[in-house]
Amino acid sequence: MPLSLRLSIADTLTLGNATCGFMAVYFTTTGILIPHLTGSQETGMARHSAATAVILMLCAAVFDLFDGLVARKLRSSPMGAELDNLSDLISFGLAPAYFVLVYGMVADDAHQRVAAVGAIVVLLAVVLRLARFSCVTVKDGTFQGMPSPFGALTVVSIVLLELPFVATLLAILGTAWLMVSRVEYPKPRGRLAVAMLSWIVLSMGLLAAWAFDAPSGQLLLQTGCALQLVMGAVIPLFATARRVNNFRDNRREARAAQLP
C-alpha cells in the first residue's frame, strides 16, 4: 500500500477512540432515549446504559492518551493528525453533545429546545477547538483552551450531578467557553499522564458502582463528578494567576531595565 494509506499502531489506537465514541452514542440511544420514548419504566437499564456510555467516553480518553504517547515513541502515519482530530470530534464532540441532548429530552425539569441549544454549543466548541489546535502554534507542553477529552468528561459530569436545569445549562456553557478560551492547560506527560490515567480508572469504578446500585454508589458518583467540576474550575484559576504573575514580573524587569 502507499505509505500515506498505511496505519501505524498509534493510528489503530486512534480508531479505537472513534469506535468508543460511536458506541457511546449507541448506548445513549438504545438504553436511555428509546425506553423513554416507548414509555418503559425500567430505570435500572437507563442507569446501566448511561454508565456504559460514559465509560466508553472514558475509554476513548484512554485511547487518546496512549495514541499520542505511542506516536512519540514509535511513529505515526501521514494520516495520524487528521485521524486524531476526526476521532476526537466523534468521542468528545458528538458523544457528549448527544448526551446533553438526550438529557434535555428525558429529565423531568429540563427544557428540550434549550438543552438542544446547549448541545449544539458543546459540539461547536469542540469543532472550533480542534480546528484551532491544527493551525495555531502554542508553547511546548501546553494546550490553549480546555482539552476536548477533559471538556467532554466535565460536561457529562455536570449532567450526572442532576443539578437544577438552569445550573446545569450554565455549567455546560461555561465548559464550552473554556474549551475555546486562551487559558493554558498542561499536556498530560510523565507523572501527569499517570495521574490522568489513574483518575479515569477511578471514574470507571465509581460509574460501575453506581450502575449496579452498590451501597453509597450514588454518593460516590456525585463525589467523583463534583471533583471533576472542581478540577475544571481550579485549573483555569491557577493558569490565570500564573499569567498575571508572569505579566507583573515582565513589567518589573522592563521598568528596571529603563532605569539609569
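User: Buried means under 20% relative accessible area and exposed means over 50%, with partly exposed in between. In this predicted model, is phenylalanine 22 buried or exposed?

Analyst: Phenylalanine 22 belongs to helix 1, which spans residues 9-38. Its relative accessible area is 55%. Since the cut-off for exposure is over 50%, phenylalanine 22 is exposed.

User: What distance separates the C-alpha atoms of phenylalanine 22 and asparagine 250?

Analyst: Phenylalanine 22 and asparagine 250 are 228 residues apart along the chain.

User: Among contacts between residues at least 6 apart in sequence, what percentage joins residues at least 24 apart?

Analyst: Of the 260 residues in the chain, 43% are buried. Among the contacts in question, the part that joins residues at least 24 apart is 81%.

User: How far apart lie the centres of the positive and negative side chains?

Analyst: The chain carries 19 positive and 15 negative side chains. The centres of these two sets are separated by 12 Å.

User: How many aromatic pairs are there, and what is the geometry of tyrosine 26 and phenylalanine 27?

Analyst: The count is 2 aromatic pairs. For tyrosine 26 and phenylalanine 27, the ring centres are 5.3 Å apart and the planes make 80 degrees. Because an angle over 60 degrees is the criterion, this pair is edge-to-face.

User: Which accessibility class holds tyrosine 26 and phenylalanine 27?

Analyst: Tyrosine 26 has 42% relative accessibility, and the relative accessible area of phenylalanine 27 is 27%.

User: What is the geometry of the aromatic pair of tyrosine 103 and phenylalanine 165?

Analyst: The ring centres of tyrosine 103 and phenylalanine 165 lie 6.4 Å apart, with 25 degrees between the planes. The pair links distant parts of the chain, 62 residues apart: tyrosine 103 is in helix 3 (residues 80-106) and phenylalanine 165 in helix 6 (residues 165-180). Because planes under 30 degrees apart meet the criterion, the pair is stacked.

User: Is tyrosine 103 buried or exposed, and is phenylalanine 165 buried or exposed?

Analyst: The relative accessibility of tyrosine 103 is 11%, while phenylalanine 165 has a relative accessible area of 7%. Since the limit for burial is under 20%, tyrosine 103 is buried and phenylalanine 165 is also buried.

User: Which residues does threonine 168 touch, leaving out those up to four places away in sequence?

Analyst: Threonine 168 sits in helix 6. With 1% relative accessibility, threonine 168 is buried. Outside its sequence neighbourhood of four places, threonine 168 touches Tyr103, Ile158 and Leu163.

User: What phi angle does glutamate 162 have?

Analyst: Glutamate 162 is placed in the loop between helix 5 (148-160) and helix 6. At 58% relative accessibility, glutamate 162 is exposed. Although this residue is not a glycine, its phi is positive, at about 60 degrees.

User: How far apart in space are aspartate 108 and phenylalanine 165?

Analyst: Aspartate 108 occupies the loop between helix 3 and helix 4 (112-135). Its relative accessible area of 83% makes aspartate 108 exposed. Aspartate 108 and phenylalanine 165 are 57 residues apart in sequence, and their C-alpha to C-alpha distance is 9.3 Å.

User: Which residues beyond four places in sequence are in contact with glycine 145?

Analyst: Glycine 145 is located in the loop between strand 1 (142-144) and helix 5. Its relative accessibility is 0%, so glycine 145 counts as buried. Beyond four places in sequence, the contacts of glycine 145 are Arg129, Arg132, Leu178, Met179, Ser181, Arg182, Val183 and Tyr185.

Key: Residues numbered from 1 in each chain as written. Predicted model: local features only at pLDDT ≥ 70, side-chain atom pairs only at ≥ 80, totals over all residues. Heavy atoms only, no water. Phe/Tyr/Trp six-rings, centres within 6.5 Å; stacked < 30°, edge-to-face > 60°. Buried < 20%, exposed > 50% of the residue type's maximum accessible area, 1.4 Å probe, protein only. Helix = DSSP H or I, 4+ residues; strand = E, 2+ residues; numbered from the N terminus. Contact = heavy atoms within 4.5 Å. Lys, Arg positive; Asp, Glu negative; His and termini not counted. Charge placed at Lys NZ, Arg CZ, Asp CG, Glu CD.
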